[in-house]
Amino acid sequence: MSKEKRQLILNVFLLRYGHHPSGWLHPVWKEDGRPDLNWWVRAAQIAEAAKFHTFFVADFIGRSSKAAEQVDTPNNFHFEPFTLLSAIATQTKHIGLVATVNTNFSEPYNLARQFTSLDHLSGGRAGWNIVSSFNPHTVKNFGISNTRGHEERYERASEYVQLAKALWDSWDDDAFDHPDREAGVFYKPQSGHPVDYQGKFFQSQGLLDFPRPIQGYPVFVQAGNSETGREFAARLAEMTYSSATSLQVAKDYYADVKRRLAKYGRDEDQLKITPGLNVVVADTDQEAQDKFGELQALVDFSKVEFGGFDLSGYDLDGPLPDLPYNPGENGRGRFQQQLELARRENLSIRQLVLKFQVARGHVQAIGSVKTVADLIEEWFVEKGADGFNVVPPYSIKGLEDFTRLVVPELQRRGIFRTEYEGNTFRENLGLKRPINPNTAV
Ligand SMILES: Cc1cc2nc3c(=O)[nH]c(=O)nc-3n(C[C@H](O)[C@H](O)[C@H](O)COP(=O)(O)O)c2cc1C
């Protein structure tokens with residue numbers, strides 16, 4: 001692919017109330033907290049009309065008993081991803097549909113049939129955000145023992161994916177394409193390849209109860225930032241949702257993860273890197289800053305928490321205290337990043353909250369169309385990103401502003417497409433369809 005032709009990838013990751021903790025307090029938020037399919041469908045259609053690659057549904061599964069008392073915190077309820085994306089699939093035609101599924105709280109057989117169903121329902125648009133987070137409250141929700149360490153969880157995730165792939169491959173792609181009524185043969189003889197999987201975490205024997213996905217496998221997405229997470233991504237992910245607060249951090253991550261691909265026999269184009277992008281755009285830089293200022297002014301400093309630690313008792317304008325952090329726990333990559341930034345820039349607790357917690361570890365582009373498009377283009381050209389995961393601070397309005405103002409400018413600059421190129425999610429990402437190893441000669 002020539003350099004001029006390299007095209008930006010755009011994904012959207014919405015939280016119903018916005019990614020900014022005060023998004024729901026802002027007057028732009030006029031709705032209530034009830035689940036609303038129409039809201040989600042409208043959001044996906046807005047993203048699709050703008051030719052986005054991906055509609056991404058996160059899943060922070062479970063809630064602790066304490067949630068009942070946290071009445072001043074917006075509860076970002078999501079529909080269960082498969083159910084929601086199945087509904088969205090019927091109201092959209094092109095956009096990729098990425099469901100987050102945690103490998104700790106389900107079985108590969110369930111997942112394999114859910115994804116192949118979603119892929120067939122959507123005409124080949126399913127993607128799987130493979131996460132292995134292990135929150136103590138989720139562990140309690142599921143009544144399982146809290147003993148899986150960070151490394152073990154990634155090991156389990158690898159096995160999970162391996163078994164899911166074996167199940168998807170358990171039928172030839174064309175197994176059910178040509179029923180022979182005269183001969184009384186419904187599906188192609190020798191087209192089923194029973195799985196016999198005996199792993200450390202999972203065992204499975206037999207066949208999947210649905211045809212192989214249209215795309216072969218759903219597109220594999222991953223969002224871990226730790227050393228093990230990066231290795232996992234290099235081995236099998238096709239897109240990563242990374243987080244970086246500066247171009248240098250983004251470039252380091254980009255170079256590091258792309259460099260790791262070769263040892264797995266993969267080339268650089270096979271993994272797309274899409275860091276989060278927190279955007280507030282308006283006609284002028286000043287207007288955008290004012291808009292963002294309105295959100296910042298609503299931040300509640302009466303309860304401050306960082307990496308799971310309650311900092312309410314500390315001087316907000318003083319430095320971050322030493323925190324006893326267990327590096328085996330969740331999200332250590334992101335936590336470390338935040339901690340390093342706080343120390344490097346000598347941030348007070350208040351500054352840290354305003355700068356980092358609010359942006360959730362993602363770079364912020366606050367400004368005019370030119371300011372935002374310049375940042376996007378620079379990161380793209382400088383190889384800090386293959387595209388972005390747009391995380392609007394104020395919900396659907398943030399997505400609308402981005403698609404109305406920024407997308408046409410990116411198209412004018414020739415770095416973002418004006419039409420979908422293919423039919424499946426893989427085709428639109430320029431990814432190959434994985435062949436079935438049982439069929440390959
Ligand atoms: C943009 C983004 C989205 C994420 N979405 C989810 C999610 O929906 N559910 C989840 O459990 N973890 C989610 N994560 C967390 C990661 O997948 C990962 O489990 C976590 O960062 C720990 O991995 P690490 O220790 O390798 O960094 C997300 C992370 C990022 C950067």
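Some ground rules before we start. Residues are numbered from 1 along each chain as its sequence is written, and side-chain values use heavy atoms, with hydrogens and water left out. Because this is a predicted model, local features need pLDDT of at least 70 and side-chain atom pairs count only at pLDDT 80 or more, while totals for chains, interfaces and linings use all residues.

Let's begin with the rings. The structure holds 23 aromatic pairs; rings of Phe, Tyr and Trp (its six-membered ring) pair if their centres lie within 6.5 Å, and planes under 30 degrees apart count as stacked, over 60 as edge-to-face and the rest as tilted. Take Trp128 and Trp168: their ring centres are 6.5 Å apart and their planes stand at 80°, so this pair is edge-to-face.

Trp128 and Trp168 are both buried; buried means under 20% relative accessible area, exposed over 50%, and partly exposed in between (1.4 Å probe, protein chains only). Phe186 and Tyr187 also form an edge-to-face pair, at 6.3 Å centre to centre and 90° between the planes. Here Phe186 is exposed, with a relative accessible area of 56%, and Tyr187 is partly exposed, at 40%.

Now to helix 12, residues 395-412. With 18 residues, helix 12 reaches 26 Å from its first C-alpha to its last, close to the 26 Å expected at 1.5 Å a residue (the expected span is 1.5 Å times one less than the number of residues). Where does helix 12 kink? There is a kink of about 35° at Val406, shortly before Pro408; the bend is the angle between axes fitted to the seven residues ending there and the seven starting there. After helix 12 comes Gly414, with a positive phi near 75°.

Last stop, strand 2, residues 54-57. Thr54 and Phe56 on one side, and Phe55 and Val57 on the other, are all buried, leaving both faces covered. In a regular strand the side chains alternate between the two faces of the sheet.

Terms used:
Helix = DSSP H or I, 4+ residues; strand = E, 2+ residues; numbered from the N terminus.
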